[in-house]
Amino acid sequence: MIDEIRRRRTFAIISHPDAGKTTLTEKLLLYGGAVQLAGSVTARKNARAATSDWMELERKRGISVSSTVLQFDYRGYRINLLDTPGHKDFSEDTYRVLTAVDAVVMVIDAGKGIETQTRKLFEVCRRRGVPIFTFMNKCDRPTREPLELMDELERVLGIGAFAVNWPLGSGVSFRGVFDRQAGEVHLFERTQGGAYRAPVKVGSLEEPFVKERLEPDDFARAHEELEMLEIAGVDYDPEKVRIGEQTPVFFGSAMNNFGVQLMLDAFLERSLPPQPHRAVPLESGGVSREIAPEDPAFSGFVFKIQANMDPRHRDRIAFLRICSGKFLRDMTVTHGRTGKRVRLSSAHKLFAQERETVDEAYAGDVIGLVGHSEFGIGDTLTEDTTIAYQEIPRFPPECFAFLHNPNPSKFKQFRQGVEQLLQEGVVQVFELRDSQQKIPLLAAVGPLQFEVVQYRLQSEYGAESQLETAAWEAFRWILPGTDVKALKLPTGCRVAFDSGGIPGVLFPNGWTQRYFAEQNPGVELMELPAVAE
């Protein structure tokens, strides 16, 4: 079991939209042997779409709106790769995925440097202490100076940056990279559309064929910059990488397959096998403890739920990160939230929309459990009833809208679809106090989440919907047991209850929130609901 666990590598790819995250995912699959021909979200109509973008809406919009699990074997490693949405409106889904990985690859557009969403996701990784590897993408387009990009990592993100390889040329003159560890030059040939592995020629920096291929200025600049790195650059420190204080940096072009295999191989060598997860105390006053992956008792937590991935099977998959022990098909475990014993008879190994039955899996793996409507996001499944994980973060919503059913004859489908999407955590739902009508008030981090709800209601349940934007901009929770009737509410504010019955106040703007605090000095407003002791 220990050998199987040590060969697992579970990681996510994060980036700002359009930095090339999904393209890099495709190329890692190509070099990992998981696909023979790489797709592209920007491909022509008759070409393949990206493997990881399985939802029709993703193919139409050319963006990832749902995280995807891709599992494959490569050079003795069992890789669990999670592609995440880059758009800020879907950051909740991305944040949940980051609880289930042991490392991340941060993709940065070398022409733009660090962008807003990259910075936010980096901070989430830092708070969790997740090791971060950086891929400077699009080096075959006009880029900023490599030394400037390295400096920006240290200056803006406050993380040490070690260049594992170095670009030779940029834009149209980008020819390859210099592997600083091996002292080798890798020169690449372009392939049509980047669909196949790029032919590569390897040698030392001083060999004649290298000088022939590089522009004289690029050759001289590379020499000068590599000398500077040796003198003034940071030394590689595996311990600092492990705790998220240093990031190994790779340069390349995912679209043209330049530097992708070098990054994949180096990442697998330098990244960590599955790490311990912290279990919370089940009783007040108890002490949390770390659960080692080698712990013989099987345990894990649900970090994502997705229904209708395959239109032919109207089923529901709970994505489970295994934290310890070994999974066996048909094993019986305890469902932490309900205390009930559950038999796990239908588990799948996942490859985006495709799946195959899995008989065994180990700590570090992500598996899909089919057909358990009782499972919710954040639930613990375990053989050891003293283990409980509390990994999944919650986020204060910023956008609100009423969802109407314009077709009463489709009420059943509408209700079923809304209930399923709420279970998946696509959006949150609130109930207004003293409301005459039972119309769902949806809440989300970004408005595109509402678009996904409407699209999936129509495509998966055949239910039309109408969205009525609400004027509130924020929701703040208050303590359960607060006398909501005694609250002094400014104009436009409403009391509402979340799906767990916890009260809070909807605010149309920051001024009303401040005025509420002045009028109700004994009431604490919280961005997240209070956790029960």
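These exercises, each with a worked solution, concern the predicted model shown above.

Residues are numbered from 1 along each chain as its sequence is written. In this predicted model, local features need pLDDT of at least 70, side-chain atom pairs count only at pLDDT 80 or more, and totals for chains, interfaces and linings use all residues, while side-chain values use heavy atoms, with hydrogens and water left out.

**Exercise 1. Confidence**

Task: State the mean pLDDT of the protein, and describe residues 51-55 and 61-66.

Solution: 
- Step 1. pLDDT is the predictor's confidence in each residue, on a scale from 0 to 100.
- Step 2. The mean for the protein is 86, and 88% of its residues reach 70 or more.
- Step 3. Over residues 51-55 the pLDDT stays under 50, and the model gives this stretch 32 contacts (heavy atoms within 4.5 Å) beyond four places in sequence.
- Step 4. Residues 61-66 also have pLDDT below 50, with 29 contacts in the model beyond near neighbours in sequence.

**Exercise 2. Helix α6**

Task: Decide where the buried residues of helix α6 lie around its axis.

Solution: 
- Step 1. Helix α6 spans residues 146-156, and its residues Pro 146, Leu 149, Met 150, Glu 152 and Leu 153 are buried.
- Step 2. Viewed down the axis, the buried residues fall within an arc of 155°, so they line one face of the helix. The arc is that of the directions from the helix axis to the C-beta atoms.
- Step 3. An α-helix has 3.6 residues a turn, so residues three or four places apart point the same way.
- Step 4. The buried residues of α6 pack against several elements, including β4 (103-109), β5 (132-137) and α8 (216-232).
- Step 5. Just after α6, Gly 158 has a positive phi of about 70°.

**Exercise 3. Strand β7**

Task: Are the residues on the two faces of strand β7 buried or exposed?

Solution: 
- Step 1. In a regular strand the side chains alternate between the two faces of the sheet.
- Step 2. In β7 (residues 165-168), Asn 165 and Pro 167 are on one side, Trp 166 and Leu 168 are on the other, and all are buried.
- Step 3. Strand β7 runs antiparallel to β8 (residues 176-179), and four bridges join them. Two strands pair if DSSP finds at least two bridges between them.
- Step 4. The bridge partner of Asn 165 in β8 is Asp 179.

**Exercise 4. Salt bridges**

Task: Describe the salt bridges of Asp 73, Glu 123 and Glu 152.

Solution: 
- Step 1. A salt bridge is a side-chain nitrogen of Lys or Arg within 4 Å of a carboxyl oxygen of Asp or Glu. By this rule there are 26 salt bridges.
- Step 2. Asp 73 pairs with Arg 7 at 3.8 Å, N to O. Asp 73 lies in strand β2 (residues 68-74) and Arg 7 in the loop between α1 (2-6) and β1 (8-15), 66 residues apart.
- Step 3. Glu 123 and Arg 126 form a salt bridge, with their closest N and O atoms 3.6 Å apart. Both lie in helix α5 (residues 116-128), three residues apart, about one turn of the helix.
- Step 4. Glu 152 pairs with Arg 144 at 3.5 Å, N to O. Glu 152 is buried, with a relative accessible area of 9%, whereas Arg 144 is partly exposed at 21%.

**Exercise 5. Positive phi**

Task: Locate Asp 18 and Arg 75, and give the phi of each.

Solution: 
- Step 1. Most residues other than glycine have a negative phi.
- Step 2. Asp 18, in the loop between β1 and α2 (21-31), has a positive phi of about 70°.
- Step 3. Arg 75, in the loop between β2 and β3 (77-83), has a positive phi of about 50°.
- Step 4. Asp 18 is exposed, at 58% relative accessibility, and Arg 75 is exposed, with a relative accessible area of 58%.

Terms used: Buried < 20%, exposed > 50% of the residue type's maximum accessible area, 1.4 Å probe, protein only.
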